[in-house]
Amino acid sequence: MHLKDYCLFLLVMAGVTYLLRAVPFVLLKGKIKSRFWRSFLAYVPYTVLAAMTVPAIFYSTDSKLSGACALVAAVVASLLGLGLVGVAVVACVTVLGIDGIMLLV
Amino acid sequence: MRFSNGVKDGLPIGLGYFAVSFSFGIAGSKLLSWPLVTFISMTNLTSAGQFAGLQIMADAAGTFIEMAIATFFINLRYSLMAISLSQKVAPSFGTFKRLLLATGLTDEIYALAVSQKEPVTARYFAGLMVLPYIGWSSGTMCGAICGEILPAVVTNALGVALYGMFVAIVVPQMKVSRSTLIAVLIAIACSLAFKYVPALSGVTVGFAIIICALVASLLGAAFFPIKDNVEKTEGDTCT
């Protein structure tokens, strides 16, 4: 890949991302009065993350099995009270274990 | 809400980002030299958006328009988060500070900032983004440099860390708020439909995420509106 193409791709990617963050952040100075829209915004982070995780996690590893197990393990770890890094480690170790076993079988 | 409080709160995110961006570095090292891969992370600070961007760069037929559209849809959620966070920041968090710190608006930093009891100050937010930014950039660099050294079974396992972090953010809220639980389940059902229902499978991943989040959040807002003046238990109206 040419350096010029890389620079243009990077400019597009970083520019669009920055504007998506900065423009609404700067323009909205007042509080939103509507209870409906405040409720909507309260739900957004959780619904976005959920939609990004399922079903993508099933396809992020060598097999659907290890991806599915990682999801279950992460949910259980989170329910047991583990934090951000703890849950991530549990998910990684689960995949490492299952894909490792599959390699050996 | 001092700078140092933010730095402390940002530490777990920074550590998590190091692990996640390590896998981005590994993926990137197959296409670009390590300084170029690292520079993507330093200028973007997004997970899914960067992964998609890398795929478009790797595609010989990838165009700048495609890059712009994909980035727009995958990262459109940041606009929703920016709107949401703008409701939560202190009055002293002015335009210039917002322009300067907007790059720090990621899923996890947003989730942490918005869950604070007090209004978020610019100092606290700046502190919050320091370690995640360093973690994300340095993780990418390390991943890109040792991308060729580690076996695939290890790099695959590291790749799932991102989703583990997402689960760790969503599940605790589902536990305390039944209405969030329902909204999340709707989002998941919708997301599964985009993947497995043939008529819907033509929709791109980024666009599918936006639709799922919009539908689930709109339904949540319509059927379980949050109580007024209740900040911490937002979304939980099942009393």
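Modeller: Let's settle one term first: two residues are in contact if their C-beta atoms, placed from the backbone, lie within 7 Å. Please also keep in mind that this is a predicted model.

Biologist: Happy to start there. Leaving aside its neighbours within four places in sequence, which residues is Arg77(B) in contact with?

Modeller: Arg77(B) is found in helix α4 of chain B, residues 64-86. Its C-alpha lies 8.6 Å from that of a residue 136 places away in sequence, Ala213(B). Once the neighbours within four places are set aside, the contacts of Arg77(B) come from both chains: Val48(A) and Ala213(B).

Biologist: Does Arg77(B) count as buried or exposed?

Modeller: The cut-off for a buried residue is 20 or more other C-beta atoms within 10 Å of its own. Arg77(B) has 27 C-beta neighbours inside 10 Å, so it counts as buried.

Biologist: And Lys97(B): how does it count, going by its C-beta neighbours inside 10 Å?

Modeller: Lys97(B) sits in helix α5 of chain B, residues 95-101. In sequence, Lys97(B) is 31 residues from Glu66(B), and their C-alpha atoms are 31 Å apart. A residue needs 20 or more neighbours to be buried and 12 or fewer to be exposed. Lys97(B) has 17, so it counts as partly exposed.

Biologist: Let's look at a helix as a whole. How many residues of α6 (residues 107-114) of chain B are buried?

Modeller: The buried set includes Asp107(B), Glu108(B) and Tyr110(B), as well as Ile109(B) and Leu112(B). These buried residues pack against α2 (35-53) of chain A, together with α1, α4, α7 (122-145) and α9 (161-176) of chain B. Helix α6(B) is therefore largely enclosed by the rest of the structure, its buried residues being 8 of the 8.

Biologist: How many residues of the side of chain B that touches chain A are nonpolar, polar and charged?

Modeller: Recall that 86 residues of chain B take part in the contact. By class, they divide into 7 charged, 23 polar and 56 nonpolar.

Biologist: Staying with α10(B), which residues make its contact with α9(B)?

Modeller: The axes of α9(B) and α10(B) are 5 Å apart, at an angle of about 130°. That angle makes α9(B) oblique to α10(B). The contact is made by Val170(B), Gln173(B) and Met174(B) of α9(B) and, from α10(B), Thr180(B), Leu181(B) and Val184(B).

Biologist: Is the crossing of α1(B) and α8(B) left-handed or right-handed?

Modeller: Helix α1 (residues 3-29) and helix α8 (residues 152-159) of chain B pack with their axes 8 Å apart, at about 130°. The two helices are therefore oblique to each other. Ala19(B), Phe22(B), Ser23(B) and Ile26(B) of α1(B) touch Thr155(B), Leu158(B) and Gly159(B) of α8(B). As for the hand of the crossing, it is left-handed.

Biologist: What is the phi of Leu45(B)?

Modeller: Leu45(B) lies in the loop between α2 (34-44) and α3 (48-58) of chain B. It has 25 C-beta neighbours inside 10 Å and so counts as buried. Its phi is positive, in a residue other than glycine, and is near 55°.

Biologist: Last one: how far apart do the C-alpha centres of domain 1 and domain 2 of chain B lie?

Modeller: The domain assignment of chain B gives domain 1 as 3-166 and domain 2 as 177-239. Their C-alpha centres are separated by 23 Å.

Key: Residues numbered from 1 in each chain as written. Chains lettered and ligands numbered in written order. Predicted model: local features only at pLDDT ≥ 70, side-chain atom pairs only at ≥ 80, totals over all residues. Axes fitted to C-alpha atoms, helices over the stretch in contact; angles between N-to-C directions. Helix = DSSP H or I, 4+ residues; strand = E, 2+ residues; numbered from the N terminus. Parallel < 35°, antiparallel > 145°, perpendicular 65-115°, else oblique. Left-handed = near helix turned anticlockwise from the far one by under 90°. Domains from an automatic or database assignment. Nonpolar A, V, L, I, M, F, W, Y, C, P; charged D, E, K, R; others polar.
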